[in-house]
Amino acid sequence: MDEFEKALQERFLLQEEYLGDNKPVNESFPLVSVTVTTYQHVNYIRDCLNGILMQKTDFPYEIILGEDGSSDGTQEICKEYAVRYPDKIRLFIRDRRISQFVRKDGTVSRFNGIWNRMSARGKYIAWCEGDDYWTDPLKLQKQVNILESDKNIGFVYSKFQLVNLDNMLIENSSTVSNQLSHSKTGYLLPSLLRNNFPQTLTVMFKKELLANFDKYYSYGYDWPLFIHICGKCKSVFLKDVTGCYRINPNGMMASGTLKDVDNGGFTTLNGAFRAYLCGEYKAASILDKLKINVYMYYRLSKGDIKDSVELENCVKSRLLYQLMRRMTFVWAFFLKKK
């Protein structure tokens, strides 16, 4: 167990639920756990929680609310909702001195979201950050119906809309258009290796598919999680708008933190390729396998994946890898194919 994993597990044991663990929600058997991470979201957290609480379902669900030490009034609102809805909300008030882990290189990892998922009791996990919100009262029901209809389906996501900090709808957004242009039903791994297109607030997935995540990945944000989950199952794109994603300049994606933490994403790709070579993921077709191999060999031949001697040794004798080192135009043809 490395230092990160040790801190994650030891500090998790220190977490306690606000109002204790004898509330009505603790006595329920939720089919779905909705995880919410929030920090300095005083103007938005009510919309987020109201969108979840308005869900109409024929199954029980719980809300795992991780409040990460806000000082702007977010924490007080979370406590208010926990008191009002003891049959739905499990609130955890985090101490940022404990919920943040500083690595030797100075980068910071946050445990809040990971601990939320570790606390989830449902068969399925849905995700909504504290500054986003749902607009479809049947979101959970629609997604559960899809997941329950076929054991091979493990991930469902949907369309969404974009709003600004003032809750104004942003029309004709290139962000939305780009993400939706990649969205499809089927085996997503080849596409996900190149683009992180599912929007977090729209997803639901089988909790069991998180198994072995820490074996391959160093960071637990949405992109590596989606790769790991979708590499194991069929995904379904629901063509309904289920919620709104808020453009927040202080978020990880907008602030540039991701580039510093994940080496521009190449640390995640290293983990994804290792998991694929170890048989953790299964390509659905020969074409999918070819797409994955071509992209993997290309990144290795370019030297984008650092500290990957073992990984490169696994593939350097393969004919296609040698071809990629000499004919880089070949990869472009395959990457254009969906």
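Modeller: K139 lies over the face of W134, at 4.3 Å from the ring centre. A charge is taken to sit over a ring when NZ of Lys or CZ of Arg is within 6 Å of the ring centre and within 35 degrees of the ring normal. An arginine is placed in this way too: the charged end of R103 sits over the ring of F4, 4.6 Å from its centre.

This is a predicted model, in which local features need pLDDT of at least 70 and side-chain atom pairs count only at pLDDT 80 or more, while totals for chains, interfaces and linings use all residues. Residues are numbered from 1 along each chain as its sequence is written, and side-chain values use heavy atoms, without hydrogens or water.

The whole structure holds 12 aromatic pairs, a pair being two rings of Phe, Tyr or Trp (its six-membered ring) with centres within 6.5 Å; planes under 30 degrees apart are stacked, over 60 edge-to-face, and the rest tilted. F273 and Y295 form an edge-to-face pair, 6.5 Å centre to centre with 70 degrees between the planes. This pair links distant parts of the chain, since F273 belongs to helix α14 (residues 266-277) and Y295 to helix α15 (residues 286-302), 22 residues apart. Helices (H or I, at least four residues) and strands (E, at least two) are DSSP runs, numbered from the N terminus. Both F273 and Y295 are buried, that is, under 20% relative accessible area, with exposed set at over 50% and partly exposed in between (1.4 Å probe, protein chains only). Elsewhere, W127, F155, Y157, F197, F226 and F237 form one aromatic cluster.

The nonpolar packing comes next. In soluble globular proteins, nonpolar side chains tend to be buried together. A nonpolar core is a set of buried Ala, Val, Leu, Ile, Met, Phe, Trp, Tyr and Cys residues joined through side-chain atoms within 4.5 Å. The largest has 40 residues, and F155, L193, F205, I227 and Y281 have the most contacts inside it. Elements that each supply at least two of its residues include β6 (124-127), α9 (189-192), α14 and α15, whereas α11 gives the most, with six.

L193 brings the two themes together. Leaving aside residues up to four places away in sequence, L193 touches W223, I227, L269, A272, F273, I292 and Y295, where contact means heavy atoms within 4.5 Å. Both members of the edge-to-face pair, F273 and Y295, are thus among the neighbours of L193. A second, separate core has 37 residues, among them I77, V156, L201 and Y245.
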